[in-house]
Amino acid sequence: MPKIEISVERCKGCERCNDACPAKILGMTQKLNARGYSYAQVNDRRKCLGCRLCAINCPDLAIEVFAEGTTYEFFHY
Ligand code: SF4
Ligand code: SF4
């Protein structure tokens, strides 16, 4: 199962990762980080596809995805 790590303090709450996720398993917390931003969280890790689109679309490099294979394999280029 892919593992997603979100850096709470790097996140600025832009929600781009939420929009990018094809499985729609990301959301935003009600809590705020030290900079006063609501930050991204994984709501249902079991449904993660390991596609890395969340990490690719994060402008602040706040997400790391640990998954087998490559993005190219996921999309079957
Ligand atoms: S790796 Fe893909 S499916 Fe998993 S949380 Fe990121 S965008 Fe969503
Ligand atoms: S794209 Fe990055 S900065 Fe924006 S909400 Fe997601 S983790 Fe936070």
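The largest nonpolar core of this predicted model holds twelve residues in all: Ile-4, Cys-11, Cys-17, Cys-21, Leu-26, Ala-40, Val-42, Leu-53, Cys-54, Cys-58, Ala-62 and Ile-63. A nonpolar core is here a set of buried Ala, Val, Leu, Ile, Met, Phe, Trp, Tyr and Cys residues joined through C-beta atoms within 7 Å. A residue is buried if 20 or more other C-beta atoms lie within 10 Å of its own, exposed if 12 or fewer, and partly exposed in between, with C-beta atoms placed from the backbone. One core member, Leu-53, is in contact with Ala-20, Cys-21 and Pro-22 once its neighbours within four places in sequence are left aside; contact requires C-beta atoms, placed from the backbone, within 7 Å.

Residues are numbered from 1 along each chain as its sequence is written, while chains are lettered from A and ligands numbered from 1 in the order in which they are written. As the model is a predicted one, local features need pLDDT of at least 70 and side-chain atom pairs count only at pLDDT 80 or more, whereas totals for chains, interfaces and linings use all residues.

Stepping back to the fold, the chain has three helices and four strands, in the order β-α-β-β-α-β-α from the N terminus on. Helices (H or I, at least four residues) and strands (E, at least two) are DSSP runs, numbered from the N terminus. Of the 77 residues in the chain, 16% are buried. Among contacts between residues at least 6 apart in sequence, 59% join residues at least 24 apart.

Two backbone angles deserve a look. Most residues other than glycine have a negative phi. Lys-24, however, has a positive phi near 50° and is found in the loop between H1 and strand E2 (26–32). Lys-24 counts as exposed because it has 11 C-beta neighbours inside 10 Å. With 19 other C-beta atoms within 10 Å, Arg-52 is partly exposed.

Technical notes: Two residues are in contact if their C-beta atoms, placed from the backbone, lie within 7 Å.
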